[in-house]
Every structure is written in structure tokens, then in C-alpha cells.
Amino acid sequence: MKKLLLLVVFVVSYSFAVAQNNVTKFMGVSVDGTKAEMVKLLKTKGFNFLPDRDVLMGKYNGEDIILTIQTKNDKVWRVFTCPIASTDESGIKVKFNKLYEQFSNDKKYVLHKGDKISSSEDISNGLDSKKKYEVYFIQKTDGSDKLDEKKLVWFMISRDRSNKYRMITVYDNGYNADK
């Protein structure tokens, strides 16, 4: 009986450890746990926490960004990044397509939905008519070719009131979103 109990404890512990390693990662940090735990880990990556604004600031993909952590039932389910600097329409097309190529050429990601933007696309008019410029990738499980749609990484174009654009990048842990 004692051996059976130890076996059950081991299997449950192992399953828990594997599950935590198989969630979406942002800069090597699991999009999981509590917000405080994630903030602590992101600080080791050079981010600074601004408690009065409840955001982190740091560098991602070579740009200064603001990072927001979203939770459900005290578990992190989304990391949301927004660059501080904005750009014009031609600049955002270049950024969008470069990010598309970056993820497409990284073996850790598989295209799920979306495409590059053509050079002739009028993004301003597209956004005015409610068109969304979004691309979704699935982040592969460590050491596996298994695809899990709960591990989405996606990005989109956002336009502010002064008609300047930013590339929003989102890392989702769908396991915590369902809770």
C-alpha cells in the first residue's frame, strides 16, 4: 500500500511538472503562476515594474515596450506587449512583415492563421472598415513537434487617435484562460 501511495504521488508530481513546462513562454518565462511570480521572473530579464501603473517596462525584440500581465482566478493567462514608440503606416507594414518572417523562420513556432501585408495595402482604410491585421502562431511544446492551440502567440496592428501605429504582441496560455 505504501508503494502504491508513493507511486501515485510521483505520477501526480511528474504530471504537474510536465504541465508547467508545456505552457506558452515569453522570453523563456512560462506564462503561468501568479502575477507576482511572473513579475519577479521578468525583473531578472531586465524589466522594471511600475506598481502605480501595474505594468512592466523593458526591451522586447529590440524595442522599448510596456508589458501588461493579465490573470484569471489569480493565474497568469496572457502577456501583452506594446512598444512605446509609434510609427507611420509604411513603417508598421515593414514591422508587421518582419515579425511575421521572424516567427515563420523560428522552428519553435507554426503559423496558425494570418498572412503578411502586401505593399499596396491601405492599412488606414482597412482599419476604418474594421479589418483586422492579426497573425497567430502556435508555440511548439519543448522538444516536440506536437501542436497545442492553447499556446498561441499572436500580433496585431493598433492605431491610436493621431493615426500612429504600434505592433501589439500577445502570448496566451489557454490552459489558464479556461479557468
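**Close-up views of a predicted model**

**View 1. Glu 63 and Lys 95 form a salt bridge.** At 23% relative accessibility, Glu 63 is partly exposed, because that value is not under the 20% cut-off for buried. The model is predicted. Lys 95 is partly exposed too, with a relative accessible area of 30%. The side chains of Glu 63 and Lys 95 meet at 2.6 Å, N to O. This pair joins distant parts of the chain: Glu 63 sits in strand E5 (residues 63–72) and Lys 95 in helix H3, 32 residues apart.

**View 2. Helix H3 covers residues 89–104.** Its 16 residues should span 22 Å at 1.5 Å a residue. The end C-alpha atoms are 22 Å apart, so the two values agree. Buried residues of H3 include Ile 92, Phe 96, Leu 99, Tyr 100 and Phe 103. Gly 91, Lys 93 and Asn 97 are also among the buried residues. The buried residues of H3 pack against helix H4 (123–128) and several strands, among them E4 (55–60), E7 (109–113) and E10 (165–172).

**View 3. Glu 121 pairs with Lys 131 in a salt bridge.** Their closest N and O atoms are 3.1 Å apart. Glu 121 lies in the loop between E7 and H4, and Lys 131 in the loop between H4 and E8. Lys 131 is partly exposed, at 39% relative accessible area.

**View 4. Asp 128 and Arg 159 form a salt bridge.** The closest N and O atoms are 2.7 Å apart. Asp 128 belongs to helix H4 and Arg 159 to strand E9, 31 residues apart. Asp 128 is partly exposed at 47% relative accessibility. Arg 159 is partly exposed at 26%. The model's count comes to 8 salt bridges.

Conventions: Residues numbered from 1 in each chain as written. Predicted model: local features only at pLDDT ≥ 70, side-chain atom pairs only at ≥ 80, totals over all residues. Heavy atoms only, no water. Helix = DSSP H or I, 4+ residues; strand = E, 2+ residues; numbered from the N terminus. Expected span 1.5 Å × (residues − 1). Buried < 20%, exposed > 50% of the residue type's maximum accessible area, 1.4 Å probe, protein only. Contact = heavy atoms within 4.5 Å. Salt bridge = Lys/Arg side-chain N within 4 Å of Asp/Glu carboxyl O.
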